[in-house]
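Visitor: I would like to learn how to read a few features of a protein model. Could we go through them one at a time?

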Amino acid sequence: MRVLIAGGGVGGLTLALMLHKRGIACTVLEAAEAVRELGVGINNLPHCVAEWAELGLLDELDAIAIRTRELRYLNHLGQTLWTEPRGLHAGHAVPQFSIHRGKLHGMLWRAAERRLPPASLRCGHRLLGFAQDAGGVTARFATTAGEQVVQGDVLVGADGIHSALRALLHPDDGGIRWQGILMWRGAVDWPAHETGDVMVIAGDLKAKLVCYPIGPGSTPDRRLTNWAVYAKVDTGEQPPPRREDWSRTGRLRDVLPLARRIRLPFLDSEALVRASPQRLEYPMCDRDPLPWWSTGRVTLLGDAAHPMYPVGSNGASQAVLDARCLADALAAHAPAEALQAYEADRLPKTAAICTSNRSGGPERVLDVFGQRAPKGFDRIEDVVPPAEIEGIVRGYAQLAGFAVGR
């Protein structure tokens, strides 16, 4: 069997490594002309990290990431709403990692280069179309040398939120969905907070800040620190910014008033944003869950199948879980049967997470306090019963598959 993987991102590369481990040949065909380590921070939850650990990548992750010790939710005045341990400290068998997305991508690409046969990774291949029959799949790609045809037994679209394969399978799909929320993101060398391994999510209904270390800093008492500020700036009735405007440089005058609103005793949010060498602006977007992913020998994976709002640290983690499920299915079944088993397992789970993320996922805790105590509180239990807070946070962990059994 040979699997064609359209897309060489986190999900596609993880699938390739898992297929190789199971003795299944694959070819990764990436649209970009070259692999560059782009992006800012990303969190990888223990149920995702466990899959990479099985691939023997834990030491490589440790070399480029931070083991997240604790997650804290705070209101915009810095009052603590909820604190919980993470990764090994929460009882998982493996850590939770906070990491630069580009470094993670580069690590996975190099691991695939080392392990897979020559010519298994190909850049500059943009999917144009496919045909399939009882004998296999023929996929057409645009390259700098002209159109190229590649044959295999299975075609997997792991080509992101703007997936070409998704568009071919679902030409009437409703497209990108935007509720009017914009994010500004950056990363900067910054003094470590406490032990340099704490993740903070703070804010209210008007603005939110996510801040966590993603790598070593210039000195032992500093960290490469990722931040994101986001707020609802539009009703969402208008279409999202054009695709070419995603990841554009944000304007200080847009993000600074939001950063100033979040007043934390241990972090000058405004100074953090000002100090960042680059401030990228993104619309917070997703797509409606699909009724199906697979037809015959063709299926979708990761953001191509289920792009979700970036709350709850689940986008890349769910793509890795997709890869494990699909690799296991292909090792056990004929192609069409394997894809149906994969879809039956993963589609309903990811659809539920997408729906939860639209209402804020675990970060809905900030909204609840923003509604009930917009000026802060004296006693937290007078605002929200502890059981209600726990239900929001732990309920999401259960839904997303990373709750620790107790």
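Visitor: Is Asp-367 buried or exposed?

Guide: Keep in mind that this is a predicted model. A residue counts as buried when its relative accessible area is under 20%. Asp-367 has a relative accessible area of 18%, so Asp-367 is buried.

Visitor: Where is Asp-367 placed, and which residues does Asp-367 touch, not counting those up to four places away in sequence?

Guide: Asp-367 belongs to helix α10, residues 364–372. With those sequence neighbours set aside, Asp-367 touches Asp-204, Leu-205 and Lys-208.

Visitor: What is the relative accessibility of Ala-327?

Guide: The value is 0%, so Ala-327 counts as buried. Ala-327 lies in helix α8, which runs over residues 315–332.

Visitor: Which residues are in contact with Ala-327, leaving aside neighbours within four places in sequence?

Guide: They are Leu-15, Met-18, Leu-19, Arg-22 and Ile-24. Take Leu-15: Leu-15 and Ala-327 are 312 residues apart along the chain, yet their C-alpha atoms are separated by 6.7 Å.

Visitor: Now for a pair of helices. At what angle do the axes of α1 and α4 cross?

Guide: Angles under 35 degrees count as roughly parallel. The axes of α1 (residues 10–21) and α4 (residues 101–115) come within 10 Å and cross at roughly 30°. Therefore α1 is roughly parallel to α4. The crossing of these two helices is left-handed.

Visitor: Which residues meet where α1 and α4 are in contact?

Guide: From α1, they include Leu-13, Leu-17 and His-20; among those they meet in α4 are Leu-104, Trp-109 and Arg-115. The residues of this contact divide into 8 nonpolar, 3 polar and 1 charged.

Note on methods. Residues numbered from 1 in each chain as written. Predicted model: local features only at pLDDT ≥ 70, side-chain atom pairs only at ≥ 80, totals over all residues. Heavy atoms only, no water. Buried < 20%, exposed > 50% of the residue type's maximum accessible area, 1.4 Å probe, protein only. Contact = heavy atoms within 4.5 Å. Axes fitted to C-alpha atoms, helices over the stretch in contact; angles between N-to-C directions. Parallel < 35°, antiparallel > 145°, perpendicular 65-115°, else oblique. Left-handed = near helix turned anticlockwise from the far one by under 90°. Nonpolar A, V, L, I, M, F, W, Y, C, P; charged D, E, K, R; others polar.
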